Amino acid sequence: KNSDVILKTGNCLKIMDKLYEDKGECADLIFADPPYFLSNGGITCQNGKMVKVDKGDWDKSEGIEINHEFNTEWLKRCQKLLKPTGSIMVSGTLHVIYSIGFAMQQLDMKILNNITWQKPNPPPNLACRYFTHSTETIIWAAKNEKSKHKFKYDLMKKENYGKQMTDVWTMTSPSKKEKSLGKHPTQKPLALLDRLILSSTDEEDLVLDAFNGSGTTGVSCIQNGRKYIGIELESEYIKLTKKRLREIKINLQL
């Protein structure tokens, strides 16, 4: 059913504002893999709006504050869109994840878990000045302290061969097959999204991805019987998402 998948191109802050006007508290799960903006160029946030920045316009200390302001603005909108039983999962590397966690605390969200995705096949450490980066963090949080979030404990235990599942998950990066229709620089493996979605939602629930990218969240939603809204700034990635969704819809004969 086409109505089960909605893709929107544009500024996620504006689109989420409009979504809240139209639908109110509608999301059962929000997944987000936000960008991080390093000090030269990128996007800034002024009065809750995203504005392009020219290279070298701001130094590093300003950069951190502006990045945090942007993270707070989009998280505020996610929090409004979440149902009282809903939850949000945000993935990131060390560049962005501490700001995300702090913003969640400032917004009085309830932090549920700090999931570590460990990659057994990380890119090599060329500088030889650090330990090799081989993990990403996913912070799982509920709307507020009163929230009664969903958690499919028994399903996760079954998937983990009858033992309680821990918060460290070892999974490889996306396979070549997952990137066969096109690539996104921060694409997540389908297995990761499957587990996140199956652990925290029921069939027919609505999942929102505020930074759609190549649409992996949407692919997982279709394959697992969830409804999906994806928001993406870059039209080329919306095109890639449509290609990926068409392919699996044909495979599923929908």
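Buried here means under 20% relative accessible area, with exposed being over 50% and partly exposed in between (1.4 Å probe, protein chains only). Strands (E, at least two residues) and helices (H or I, at least four residues) are DSSP runs, numbered from the N terminus. The model is a predicted one, so to speak of local features takes pLDDT of at least 70, side-chain atom pairs count only at pLDDT 80 or more, and totals for chains, interfaces and linings use all residues. Residues are numbered from 1 along each chain as its sequence is written, and side-chain values use heavy atoms, leaving out hydrogens and water.

Strand 5 (residues 82–92) is largely enclosed by the rest of the structure, because eight of its eleven residues are buried. Strands count as paired if DSSP finds at least two bridges between them. On that basis, strand 5 runs parallel to strand 2 (residues 27–32), joined by five bridges, with alanine 27 partnering leucine 82. Strand 7 (residues 135–142) pairs with strand 5 too, but in the antiparallel sense, over six bridges; here valine 90 sits opposite isoleucine 139.

Zooming out, these strands belong to an open, mixed sheet of eight strands in the order 1-10-9-2-5-7-6-8. Strand 1 (5–9) and strand 8 (168–170) form the edges, each pairing on one side only. Strand 2 also pairs with strand 9 (residues 206–209), in parallel over three bridges, and leucine 29 has valine 207 as its bridge partner there.
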